[in-house]
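I opened this notebook to record what I looked up in the structure below.

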Amino acid sequence: MIAIDWGSSSVRGYLLHANGKVLEQRRRSDGILSCQGRFAEVLASLVNGWDGPLLLSGMIGSRNGWVEQPYLPCPTDTAALAQAMRSYEELLPGRTLWFVPGVSTSEYGGVPDVMRGEETQLVGLIAALDEGAHVACLPGTHSKWARIDNDQLTSFATVMTGELYAVLRQHSILGKLMDDEHAGLDTEAFLLGVDRSSDSGGLSHHLFGTRTLRLFERLPSAALPSYLSGLLIGHELHEHRGDHATVHLVGSPALAQRYALALQHLGVQSQLHPEDLAAAGLYTLARQRGLA
């Protein structure tokens, strides 16, 4: 089968064996934001030479994507997601395209929260976990914290940590103090930010401290991005990790390692899972629906 993980900034395609093993992988920078009106052209090029049922997940099924798919409310599970997939014959000549729906929740204060693409990664994760209660974090521009109970996605929360970090660096007074030429991780400064997130005063107060630490020459300019990252991630962890002994991390290795480092510093175990769980999730959904 063919698994497509199509987000806002890139698209990944996987050719899978009947047993789910990835035979070939292709990636392009044609996210949905850059290929409006060219979805069929981009997909045809990506899967050229590949055969098999074709499943798509991610922002390609959003309002700004190819064909908007409905949100399936929490709690939900693999069987419900598979059953809710929709097929289209006319979008790509000679191909049947199956779209995975997004997922919604109103668990926190009745305000809606949504995900697209992460639910498919979580299907792949659930297939690899034992039964019981788990918490998973999918770090990114908009991090997702998902609660899993006996193979069921019960609730989740979205946290804009990555986007907030980028906005503060590029468009705030904090960014003007930072050295952009040395943006690698300064572990000591990062963990200093994680420690600060445990103090009283609140996030907005702690953010201003990023400026004063430089003004009083307590931190060099090159260390400030790492400090800010640790501060923001630390606040995220305090709010959403709960009391689970282990947090399952799914995402790009570089970012997931930062979360793992912060969790370890706070005395919490973590387990890293591969970023391409979307392929495993799409395979599981295809098997559930009898397509592979």
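**Salt bridges**

I found that glutamate 24 forms a salt bridge with arginine 26, their closest N and O atoms lying 3.2 Å apart. A salt bridge here is a side-chain nitrogen of Lys or Arg within 4 Å of a carboxyl oxygen of Asp or Glu. I note that this is a predicted model, in which local features need pLDDT of at least 70 and side-chain atom pairs count only at pLDDT 80 or more, while totals for chains, interfaces and linings use all residues. Residues are numbered from 1 along each chain as its sequence is written, and side-chain values use heavy atoms, with hydrogens and water left out.

In another, the closest N and O atoms of arginine 38 and glutamate 41 are 3.9 Å apart. I recorded Arg28, Asp30, Arg38 and Glu41 as linked in a network of salt bridges.

**Accessibility**

I looked up relative accessible area with a 1.4 Å probe on protein chains only, where buried means under 20%, exposed over 50%, and partly exposed in between. Aspartate 30 is buried at 12%, whereas glutamate 41 is exposed at 51%. Arginine 28 is partly exposed at 26%, and arginine 38 is partly exposed at 29%.

**Cysteines**

I counted zero disulfides, a disulfide being a pair of cysteine sulfur atoms within 2.5 Å. Cysteine 74 is buried at 18%, and cysteine 137 is buried at 0%.
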